[in-house]
Each structure stands twice: as structure tokens, then as C-alpha cells.
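Here is a short report for a first look at this structure. Keep the sequence and the 3D view at hand while reading.

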Amino acid sequence: MPVVRVARMLVFVAVLTAGCGGASDPPDGAAIFRDRCSACHGAEGLGGMGPALRGQATDDIVKQGRLPQGMPAFDEILSDAEIDAVVEYANRLNRLGS
Ligand code: HEC
């Protein structure tokens, strides 16, 4: 039955092409900040439920969080590259706000 053959071939092609074209872009610090940080620190880093970002953001602060004060640690949540990107973004907000 030719129809079955065509259907099988389509499945085969679909399997071959799945996974292609997903080359990972560099992490988007702004998007990560919006998703992960802005609920507490505000979209502009000026504070909300959490404090305004005043000091220099560092990878260590974000990785370890400030657990006693209520900031979660992100080392299990974000990759190192994502942490780099979001810290750079937070520091850019910082400079704009000062
Ligand atoms: C659940 C709320 C919450 C989330 C989510 C959160 N934070 Fe925080 N963050 C806090 C709190 C509360 C503090 C204050 C700690 C203190 O008083 O020392 C803080 C402190 C900080 C500081 C130190 C501020 C300073 O001026 O010393 C930085 C930098 C920071 N957060 C960055 C981030 C980044 C980047 C993200 C997202 C990856 C994030 N935070 C997500 C609540 C949060």
C-alpha cells in the first residue's frame, strides 16, 4: 500500500529533522531577570517585594542567594552562563538607576 509507505517516510523525515535548528542562543539576561528576579526586585531593579538592587550584583550572590533574608539560591536553577547574563543585566540596571 503506497499510502502507508508515504506515511512511514514522513515519520522518518520528521525523526531525522527533529532536534535540528535548536542551536542554543546566548542566554538573555533581560528575559531571565524578568522571569526570575523581577517579582522580588521589580522590573527595573528598584525593589518590590524584595529590595532595590543597590550594590554590585555578583555571581556569588545570585548563586548562593540571601537565604536568611528570603532570596533563593539560583545555583541549582540557572546555568553559569545564565547567571553571568542576569548578573550583567542587573548591574546595567544598577548603573541606570544611580
Ligand atoms: C524571592 C525573592 C527574591 C528573588 C526571586 C530574587 N531576590 Fe535578590 N534579594 C532578595 C532579598 C530579600 C534580598 C536582600 C538581602 C539582604 O537584605 O541582604 C536580595 C538581595 C539581592 C542582591 C544584593 C543586593 C544588594 O544591594 O546588596 C542582589 C545582587 C540580588 N538580590 C540579585 C538577584 C537576582 C539577579 C535575582 C534573579 C536571578 C534575584 N535577586 C532574585 C529577594 C529575591
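This is a predicted model: local features need pLDDT of at least 70, side-chain atom pairs count only at pLDDT 80 or more; totals for chains, interfaces and linings use all residues.

## Helices around the ligand

Helix 2 (29–41), helix 3 (59–64) and helix 4 (80–97) each supply at least two residues of the shell around it. Helix 2 gives the most, with five residues.

The shell holds 21 residues. Those that come nearest to the ligand are Cys37, Cys40, Gly50, Ala57 and Met71. By class, 13 residues of the shell are nonpolar, five are polar and three are charged.

## The chain as a whole

The chain has 98 residues. Its secondary structure comes to four helices and zero strands. Read along the sequence, the pattern is α-α-α-α.

Of the residues in the chain, 17% count as buried. Residues 24 or more positions apart account for 59% of them.

## The nonpolar core

The largest nonpolar core is made of 14 residues. Phe33, Val62, Val86, Val87, Tyr89 and Ala90 have the most contacts inside it. Helix 2 and helix 4 each supply at least two residues of this core. Helix 4 provides the largest share, seven residues.

Ala90 is one of the core residues with the most contacts. What does Ala90 touch, leaving aside its neighbours within four places in sequence? Its partners are Phe33, Cys37, Gly45, Leu53 and Ala57. Two of these names have come up at the ligand: Cys37 and Ala57 are among the residues nearest to it. Phe33 has come up in the core, among the residues with the most contacts there.

## A look at Asn91

Asn91 is placed in helix 4. Is Asn91 buried, exposed or partly exposed? Asn91 has 17 other C-beta atoms within 10 Å, so it is partly exposed.

Asn91 and Thr58 are 33 residues apart in sequence, and their C-alpha atoms are 8.6 Å apart in space.

Terms used: Residues are numbered from 1 along each chain as its sequence is written. A residue is near a molecule or strand if its C-beta atom, placed from the backbone, lies within 6 Å of it. Ala, Val, Leu, Ile, Met, Phe, Trp, Tyr, Cys and Pro count as nonpolar, Asp, Glu, Lys and Arg as charged, and the others, Gly among them, as polar. A residue is buried if 20 or more other C-beta atoms lie within 10 Å of its own, exposed if 12 or fewer, and partly exposed in between; C-beta atoms are placed from the backbone. A nonpolar core is a set of buried Ala, Val, Leu, Ile, Met, Phe, Trp, Tyr and Cys residues joined through C-beta atoms within 7 Å. Two residues are in contact if their C-beta atoms, placed from the backbone, lie within 7 Å.
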